[in-house]
Amino acid sequence: MHRLAATLRLWFAPQLIKAEGTTPDYRFSLANERTFLAWVRTALALVAGGIAVDQFLTELRWGMRTTIAIVLLTGAALCALRAVNHWVRCERAMRRGEDLPTSRFPVLLGTGTAVAALTVIVVVAVGWAGK
């Protein structure tokens, strides 16, 4: 619980990171920020996809449509939260002169998105309709 509180404190008070280590080359910090923004764009795309499935695939059964939309929207929320966490972890590692952190999240996000996309393809191709 203490670790979670410390992490959240860094999320909302990133100036605390400056107290650690030395300032890295600005190019690396800016690259870290660009990566953060790419994750946020991915989250926004997943939000758009979830809304699109719910609003435009009205021929699908309600349960199927809602499940796919919820999977995409959940992926979006996780992606946005992960973006912040990854930015903080990378910034801290650079300031400390440590290796950058690794993560399984890209694999999980990619797999979840692929499963949702394949489900939509199958549902649309087979034509599982119904309200």
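Q: Which helices each supply at least two residues of the lining of the largest pocket?
A: Rolling a probe the size of a water molecule over the atoms shows where empty space is left. In this predicted model, helix H1 (2–12) and helix H3 (62–96) each supply at least two residues of the lining of the largest pocket. The largest share comes from H3, with six residues.

Q: What is the volume of the largest pocket, and which residues are the closest to its centre?
A: The volume of the largest pocket is about 280 Å³. Its lining has 13 residues, and Arg3, Thr7, Arg89, Arg92 and Arg96 are the closest to the centre.

Q: What volume does the second largest pocket have, and which residues lie nearest its centre?
A: The second largest pocket has about 230 Å³. Lys18, Ser29, Trp87, Glu91 and Arg95 lie nearest its centre, out of 13 lining residues.

Q: Which elements give two or more residues to the lining of the second largest pocket?
A: They are helix H2 (26–56) and H3. H2 gives the most, with four residues.

Q: How many residues in the lining of the second largest pocket are nonpolar, polar and charged?
A: The lining of the second largest pocket has six nonpolar residues, four charged and three polar.

Terms used
Residues are numbered from 1 along each chain as its sequence is written. This is a predicted model: local features need pLDDT of at least 70, side-chain atom pairs count only at pLDDT 80 or more; totals for chains, interfaces and linings use all residues. Side-chain values use heavy atoms; hydrogens and water are left out. On a 1 Å grid over the protein atoms alone, a cavity is a set of points where a 1.4 Å probe fits but cannot get out, and a pocket is an open set with protein on both sides within 12 Å along at least five of seven lines; lining residues have an atom within 4 Å of a point. Grid points are joined across faces, edges and corners, and a volume is the space filled by probe spheres set on the points. Ala, Val, Leu, Ile, Met, Phe, Trp, Tyr, Cys and Pro count as nonpolar, Asp, Glu, Lys and Arg as charged, and the others, Gly among them, as polar.
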